[in-house]
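Good morning, and thank you for making time for this presentation. Please keep the sequence and the structure in view while I speak.

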Amino acid sequence: MSANRFMPLAVMLMLAVLSLFSDSAKGQSSKTPLIPEVTILRGEFQQIRTLKGFRNPLKSEGRFLVSKSNGVIWQNLKPFPSQIRISNSGKIVNLSKINTTQKAGQKITNPKPNAGMNKIMLAMLSGNQAEMAKYFKIERTESNGIWTLQLQPKAGMARVFAHIEIKGDRYIQQVLMQEKSGDQTELHFSALSEVPNTLTPEEKKYFE
Amino acid sequence: MAIVWSVLVLALCLHQLQFWRSNNLDSDVMALLPNTHHDVLETRANDNMAKVATGHVLVLVGSADSETAKSAALIFDARIKKSIGLLRAQTMSEDDTQAALDFYTRYRDRLLTPQQKKSLEQSDAENLLQSSMERLYSVGAASGLSNWISDPLALSADWWQDRLGQGVTQEDGLLVTQGRDKSWVILQYHSELSAFQLDGVAHLKQLLESAGADAKRLHPEIEILNAGVPLHAEAAAVRANWEINTIGYGSLAAVMLLVFFAFMKVRPLILVSASLLIGVAAGISVTALIFGKVHLLTLVFGASLVGVAEDYGIHYFSSRQGNPAIKPLPMMRYLLPGMWLAFITSALAYLSLGMAPLPGLQQMAVFSATGLLAAFLTVVCWFPFLDKQASSRSWLSEKISQSLSYWPRWNWQRKSHKWLAVLVALFIVSGFSKLQTQDSLRQLQSSPISLIDQQKHISEILGMPSPSQYLLVTANSAENLLQTEETLKPRLDALIEQNVIRSYSALSDWVPSARQQSENQALVSGLEKKVLADISVSLGETLERPASSVSAFGFKDWLPLKFTQTLQAQYLGEVDGKWGSVVMLNGLNSSESLAKLSDATGSMAGVKLVDRSSEISSLLAHYRSKMTLMLLIGYALVALALFWRFKANAWRALLPTMVAALLSLSVSAWLGEPVQLFTVLAHFLILGTGVDYGIFLLEHHTDPSSWLAVCLGAASTLLAFGLLALSATPALHTFGLSMLFGVGLSWLLSPCFRLSAEPGTPHHP
């Protein structure tokens with residue numbers, strides 16, 4: 001890190017961009033949730049990504065586990081298996097790179113500092129509205145038991161996202177992220193359940 | 001003669017009007033110090049560093065909870081914005097930010113952090129492909145600043161992070177950082193007070209305090225920290241305003257009281273005050289004409305001039321009082337030679353202050369000498385015409401004149417006096433064993449402790465670069481300049497690892513050398529093409545690498561960008577074929593660190609460690625010892641002159657002053673006051689004034705009216721310089737204290753060594 005921590009003003013404002021990739025303070029949970037908050041949520045996901053310069057969309061599938069107090073585990077199953085953990089602080093641990101013979105705790109931490117982005121994902125999935133409100137103006141509509149959130153990015157976030165739409169009923173059902181660069185990512189969730197509402201011993205191991 | 005002087009005084013009044021309107025006062029401590037550099041680039045670097053600091057005010061609003069800190073910061077900011085013409089919020093427009101992002105996106109494949117470069121050079125195609133594929137299928141948003149295909153190796157985020165440093169984020173449009181177990185919102189302002197005002201009101205401080213109070217009303221638990229050069233300047237101005245009032249008006253009032261009780265008439269009072277006012281005004285005007293600006297410290301010091309310049313008026317009126325039969329004009333003619341001598345010796349004593357090539361001291365010397373001259377000329381040219389009637393002897397002047405005959409006399413034969421001498425000697429020796437010296441810049445600065453503390457806390461949380469310690473890089477071309485910086489930076493990175501410095505900021509962080517850019521470009525474009533080709537094969541795509549700039553960018557492309565404004569201070573440009581830049585250092589706070597830095601960079605051609613504070617300290621130390629030597633020579637010369645005049649009795653004039661000077665030093669030592677340049681300078685004036693008392697008493701040892709003149713003169717000198725001891729500026733405080741003891745003691749001691757009272761006629765004209 002060669003840059004000065006006491007930055008010129010102009011440079012500091014460039015952080016608008018960087019805030020996406022670095023740690024930020026913990027948010028408070030709101031009293032009137034826009035999304036039902038959950039303590040534990042398990043399910044399957046399908047992701048469809050449309051990238052500029054690519055003819056075909058990129059599809060992936062897997063399972064996930066959200067624990068409000070611990071973080072998220074993403075388990076990619078297709079097209080190739082991988083597993084990551086996003087802790088509450090936004091830190092990512094790439095679990096798939098851990099050698100099975102290694103002891104727990106010797107996990108390789110992903111050096112990519114996109115914690116901010118991951119915290120947004122975590123906030124969306126666990127319904128942490130305050131965290132989302134830090135970066136987006138949120139508008140909520142509801143019809144026939146299906147709610148829709150329109151997220152308009154605030155100053156810094158607007159450099160990356162054009163628009164985000166989240167839909168759900170009791171649980172989150174789908175997320176559509178349109179990026180400013182033209183790339184787009186769609187997430188669909190299924191087989192959602194919050195039972196049992198505590199982590200099983202097996203699940204706990206992921207968060208160790 | 002009187003008419004010529006009247007015209008000059010009128011001109012002086014006009015200049016004064018213009019001066020106080022144009023606000024030519026200076027509070028920058030650096031303005032008191034010489035620019036020792038002959039190197040144009042180094043001078044420019046110093047100027048730039050000083051300019052950057054001027055005007056910038058930084059506020060941190062902290063709370064254990066970041067939401068509270070943000071809410072408090074918004075209240076604080078709203079209050080600041082309500083007041084007009086004091087502090088302007090520093091923000092950059094979205095457009096300027098976007099322009100900077102777009103600029104670097106154009107050159108994206110020419111930008112790599114050292115770590116990125118190293119890992120790319122060592123990577124193999126298999127690994128790169130794998131991590132690229134993983135990112136392609138990772139959950140969440142696909143890319144970031146640009147679309148995925150423009151940055152398949154995900155390099156730009158890391159590059160920006162490296163530019164910006166760790167730990168500062170933007171939330172709700174506010175900059176937030178963590179430190180000391182709290183979240184801190186960073187607010188930045190620019191002071192719009194073009195020059196500080198000498199109205200004694202701390203405008204900025206009051207605004208910041210009221211904004212803080214607004215924020216604390218809702219969130220009492222928050223902590224607010226302020227820092228910035230304007231706050232120090234304002235504190236200095238407020239303090240100086242108080243000091244000028246106390247010292248200037250205080251000694252003026254005291255002198256007026258003395259004059260009134262000595263002569264019991266209003267006219268002497270008015271005339272003496274007029275001579276003082278004209279003296280001070282002339283001091284200010286001439287200093288402003290010669291130096292362009294008058295420094296605050298000069299004004300504070302100059303205020304004490306009052307205590308010396310009144311001598312001529314008092315001298316005149318006490319002689320008139322003693323000899324009412326002689327008419328004003330003949331009396332003035334009779335006094336003139338002596339007054340000339342007195343003026344010249346005092347003026348020389350003041351001018352000797354200016355021998356050290358410190359602009360601050362030269363200002364004070366010019367100020368005092370011209371002020372003295374103007375007061376002297378006022379007395380000489382005006383008093384004989386305005387003085388109508390000699391005053392009769394007052395009760396006070398009667399008492400003072402008579403006191404000489406009761407004054408104790410030193411007797412070497414008496415046992416008690418011998419013991420006293422031994423005690424005094426012991427006191428002096430023990431005091432000298434405690435003497436310390438101090439040559440740091442701090443002697444010229446008196447910032448409130450709370451401001452210094454807040455600044456310390458802010459540098460702990462944010463890290464602030466020092467404007468007085470930095471690396472100056474020079475080369476014969478812009479490209480070589482950047483290359484020199486690039487060879488310097490790995491050494492600095494090593495120093496960061498060793499905790500010698502915390503971080504640094506260099507222009508090459510933002511403008512890599514053309515060589516570096518083309519190396520990066522070759523590496524990145526090759527690897528990106530390979531990865532895109534591999535992905536195309538495995539996904540059945542035909543991915544094409546988007547175009548990027550074909551040429552490198554340099555200073556001329558970069559400087560027009562708005563966001564570079566605050567970095568431009570580090571850019572020194574070209575002077576006579578030599579290019580220069582400043583590498584700013586952060587967290588350099590011990591002399592060991594400085595030595596390590598010097599070791600690491602000393603051998604590099606074109607890299608110079610500039611340390612203004614130590615430069616100034618060694619300069620002050622140099623002049624302290626040089627002036628001490630001059631002082632000793634001064635004592636020797638005075639001793640010779642006295643011996644030539646008084647032969648065997650010469651010691652009677654010199655000893656009191658020497659003892660007084662030594663006692664003054666040891667008292668200072670016992671009080672824990674270190675000896676500094678200004679202490680030595682005070683001793684010049686002690687020698688000058690103290691010996692005068694001795695001479696006067698030796699010359700007219702039976703004339704009580706000469707003792708009256710000595711007493712009145714000494715009392716007013718003591719008042720003026722004694723009040724200077726109240727100054728918060730260590731240098732002026734020391735100066736005042738030394739004068740107080742030195743002049744006071746030599747005044748009290750001189751009559752102890754007077755010649756034994758032989759029958760003789762009182763000295764009368």
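This is a predicted model: local features need pLDDT of at least 70, side-chain atom pairs count only at pLDDT 80 or more; totals for chains, interfaces and linings use all residues.

In chain A, strand E1 (residues 40-50) and strand E10 (residues 184-193) pair in the antiparallel sense over eight bridges. Strands here are DSSP runs of at least two residues, helices are H or I runs of at least four, and both are numbered from the N terminus; two strands pair if DSSP finds at least two bridges between them. Within this pairing, Gln47(A) stands opposite Leu187(A) of E10(A).

Residues are numbered from 1 along each chain as its sequence is written, and chains are lettered from A and ligands numbered from 1 in the order in which they are written.

E1(A) has a further partner: it pairs with strand E2 (residues 58-67) of chain A, antiparallel, over ten bridges. There, Ile48(A) has Lys59(A) as its bridge partner.

Strand E7 (residues 146-153) of chain A pairs with strand E8 (residues 161-168) of chain A in the antiparallel sense, over five bridges, and Trp147(A) stands opposite Gly168(A) in E8(A). How many bridges join E8(A) to strand E9 (residues 172-179) of chain A? There are seven, and the two strands run antiparallel. Lys167(A) faces Gln174(A) across that pairing, and E8(A) and E9(A) form a hairpin with three residues between them.

Taken as a whole, chain A has four helices and ten strands. From the N terminus on, their order is α-β-β-β-β-β-α-α-β-β-β-β-β-α. Of its 208 residues, 42% count as buried, that is, with 20 or more other C-beta atoms within 10 Å of their own; a residue is exposed at 12 or fewer and partly exposed in between, with C-beta atoms placed from the backbone.

I turn now to chain B and its largest nonpolar core. By nonpolar core I mean a set of buried Ala, Val, Leu, Ile, Met, Phe, Trp, Tyr and Cys residues joined through C-beta atoms within 7 Å. Of the 149 residues in this core, those touching the most other members are Val59(B), Val61(B), Phe76(B), Val185(B), Val300(B), Leu372(B) and Ala375(B). Helix H9 (residues 229-263) of chain B gives the most to this core, with 16 residues. A second, separate core of 37 residues includes Leu495(B), Ala506(B), Leu572(B) and Val583(B). In soluble globular proteins, nonpolar side chains tend to be buried together.

Consider also helix H13 (residues 311-322) of chain B. Eleven of the twelve residues of H13(B) are buried, among them Tyr312(B), Phe317(B) and Arg320(B). At 1.5 Å a residue, counted over one less than the number of residues, H13(B) should span 16 Å, and its end C-alpha atoms are 16 Å apart, which agrees.

Finally, confidence. The mean pLDDT (the predictor's confidence in each residue, from 0 to 100) of chain B is 83, and 93% of its residues reach 70 or more. Within chain B, confidence is lowest in strand E4 (residues 168-171), at a mean of 68, and highest in helix H19 (residues 478-497), at 93. For the complex, the predictor gives an ipTM of 0.78 and a pTM of 0.73.
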